[in-house]
Amino acid sequence: MIGLALEGGGVRGSYQAGAYIAFLECGIKIDGVCGTSIGALNGAVIASGKGAELPRIWRNSDMGSIFGFTSEYIEASKENKINLKYFKSLIINIINIIANKGIELNGVKELINQELDIDALLNSDIDFGLVTVRMKDLKPIYLFKKDMEKDKIKDYIIASCCLPIFKMEKLIDDNYYLDGGFYDVGPVNMLLEKGYQKVYLIKIHGVGFHRRYDSNADVVVIEPKRSLGGVLDLDPKRIDENIKMGYYDTIKVLKNLDGEHYVFKVKNKEYFKWLNRKISKYEYRRVKHFLNGTSFKDTTIKALEYIMKKEEWNYYEIYNIKKVIKEVKRKYKKEEHFVYKYIRDLRFFF
């Protein structure tokens, strides 16, 4: 069986929406999904059979309103400027949050009611689990859907999302609950202990405690190499960026493609050795040391990524190594930096 573990991390959860599309495109069938906090909500949508809808949900939902922020603050934050307008709206929001003893959960509840079909979740072949923490005794609560009463499933998802910034409400059995990240931000062990042979963990660098899992277990980690923004970053452009980042990072892992920050079609080690055959030992060692390379292949790819990042190439494309090298040779003939020169000195032919 194949399992999917989704970390918590607020609006960074948009990364998981793009990641799941990559699973669908690669034809990888998920047998069970477990999540913490926003990962629990994303996981419930996936388990209900609506995983393909996650990018739409994230792009079309007004995250600012869902989290209870004023329209003035939302607009100010979208401008991405720290100015008087931003500070004024921020202070007003802080005052409102303090007066209400936290952010109201109404927006989160409305989103869950709108996008989650409980009958579809219960009837799905995909298992679903989550983790939350009961406040009165700080006990971690791990539950699969078979353990949840139908009319309390939405409450358990909300319980898993209850960061201290939210207004505390008694949700289940007259108890208060805390965000599952206070005990287990990425519930891999839920799946391993249930017998899943392979688990994909989609990390979004959320705040919380990371539980160790068996180092010998078949756990594949997918995580961003660039920033996902803040856990409450309300900018729609950031959400869209995260969705695309999640897709390409996951495609790279699932198809075993090359690259760290960018994605490249695979070439074997001998190909890179051949490219470097005319490079002097001094030039190669200089670039290798500068970029912390480990081999001809690793050094060449890191050199390309160094240039691509510096020249602001589009991250969201699957690149052909040969074409990229040719493009660098063509576009940056006069660039004197030694990494550029190294790439120009690579040879395809004799």
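This is a predicted model: local features need pLDDT of at least 70, side-chain atom pairs count only at pLDDT 80 or more; totals for chains, interfaces and linings use all residues.
Residues are numbered from 1 along each chain as its sequence is written. Local features need pLDDT of at least 70 and side-chain atom pairs pLDDT 80 or more, while totals for chains, interfaces and linings use all residues; side-chain values use heavy atoms, without hydrogens and water.

Helix 16 spans residues 338-345; helices (H or I, at least four residues) and strands (E, at least two) are DSSP runs numbered from the N terminus. Seven of the eight residues in helix 16 are buried, where buried means under 20% relative accessible area, exposed over 50% and partly exposed in between (1.4 Å probe, protein chains only). Among the buried residues are Phe 338, Tyr 342 and Arg 344. Their cover includes helix 13 (281-291), helix 14 (296-310) and helix 15 (321-331).

The structure holds 18 salt bridges, each a side-chain nitrogen of Lys or Arg within 4 Å of a carboxyl oxygen of Asp or Glu. One of them joins Glu 283 and Lys 341 at 3.9 Å, N to O. This pair connects helix 13 with helix 16 across 58 residues. Glu 283 is buried at 13%, whereas Lys 341 is partly exposed at 39%. Lys 50, Glu 53, Arg 56 and Glu 115 belong to one network of salt bridges that share partners.

In the loop between helix 9 (153-160) and strand 5 (177-178) lies Asp 173, with a positive phi of about 55 degrees although it is not a glycine. Asp 174, in the loop between helix 9 and strand 5, has a positive phi near 60 degrees. Asp 173 is exposed because its relative accessibility is 52%; Asp 174 is exposed at 57%.

Notes. Contact means heavy atoms within 4.5 Å.
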